[in-house]
Structures are given as C-alpha cells and as structure tokens.
Amino acid sequence: MPENPQKILLIMCNWLGDTFLAMQTLPTLQKHYPNATFFVGVKPFSRVLFRGILPEDHILELKGVISDRNREAFS
C-alpha cells in the first residue's frame, strides 16, 4: 500500500452484521490516512449503515458482488 494514498476503497460485501463489525475499522483508517478520500463498496441493504459517516456519493452499491460465504460451505 502506498504511504499516502489519495483514495481508499473498502469493499464490504458481507452480510449486515459482518459489515457492521468491519465498518468499525473506518475511523482508524481515516486517522492513519488523514489526506485520503474514503469510499465503501457495499451490498444495497448495508448502504444505510454509512449514511452520515461518508458522503452519499462515496457509498457505492455493489449489487453484483457476492460474499465469499456464498461460494463455500466454510469460511
């Protein structure tokens, strides 16, 4: 990873609870990379979790991305 990235995309294509837990890394990353612009890629039903945390146009719906859990019976 570059020392000073300009843009960072976090892909959170998990289920709702997993996304809720994973999104708690965002404040730490924002603190570590204060000059970066953050985006998240989420399933449509998870979008609401990021409202008020990131600008609306930084919350990207990834309708075609599936969780790795859907491909295998184990994680």
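Which strand holds Ile11? Select Ile11 and you are in strand 1, which covers residues 7-12. Keep in mind throughout that this is a predicted model.

**The whole chain**

Zoom out and colour by secondary structure. The chain has two helices and three strands. Read from the N terminus, the elements follow the order β-α-α-β-β. Of the 75 residues in the chain, 31% are buried. Switch to a surface view: the chain exposes about 5,300 Å², and carbon and sulfur atoms supply 57% of that area. Among the contacts with a separation of 6 or more, 62% join residues 24 or more positions apart.

**The nonpolar patch**

Val65 lies in the segment after strand 3. Is Val65 buried, exposed or partly exposed? With a relative accessible area of 33%, Val65 is partly exposed. Show its neighbours: leaving aside residues up to four places away in sequence, Val65 touches Cys13 and Lys43. Then draw a distance from Val65 to Met12. The two are 53 residues apart in sequence, while their C-alpha atoms lie 9.6 Å apart in space.

**The core**

Hide the surface and select Phe38, Val40, Phe50 and Leu54. The largest nonpolar core has 13 residues, and these four touch the most other members. Strand 1 and strand 2 are the elements that give two or more residues to this core.

Stay on Leu54. What does Leu54 touch beyond residues up to four places away in sequence? Its partners are Leu26, Gln30, Phe38, Val40 and Ile59. Two of the names on that list, Phe38 and Val40, were already in the previous selection.

**The salt bridges**

Last, show the side chains of Arg47, Arg51, Glu56 and Glu61. The structure holds three salt bridges, and these four residues are linked in a network of such bridges. Side chains of opposite charge can pair when their charged atoms come close.

Start with Arg47 and Glu56. Their side chains meet in a salt bridge, at 3.1 Å from N to O. Arg47 is classed as buried because its relative accessible area is 14%, under the 20% cut-off. Glu56, at 38% relative accessibility, is partly exposed.

Arg51 is partly exposed, at a relative accessible area of 46%.

Return to Arg47 and look for Glu61. The closest N and O atoms of this salt bridge are 3.7 Å apart. The pair links distant parts of the chain: Glu61 sits in strand 3 (residues 59-61), and Arg47 in the loop between strand 2 (37-42) and strand 3, 14 residues apart. Glu61 is partly exposed, with a relative accessible area of 34%.

Terms used
Residues are numbered from 1 along each chain as its sequence is written. This is a predicted model: local features need pLDDT of at least 70, side-chain atom pairs count only at pLDDT 80 or more; totals for chains, interfaces and linings use all residues. Side-chain values use heavy atoms; hydrogens and water are left out. Buried means under 20% relative accessible area, exposed over 50%, partly exposed in between (1.4 Å probe, protein chains only). Helices (H or I, at least four residues) and strands (E, at least two) are DSSP runs, numbered from the N terminus. A nonpolar core is a set of buried Ala, Val, Leu, Ile, Met, Phe, Trp, Tyr and Cys residues joined through side-chain atoms within 4.5 Å. Contact means heavy atoms within 4.5 Å. Accessible areas come from the Shrake-Rupley method with a 1.4 Å probe; for residues, only the protein chains shown count as cover.
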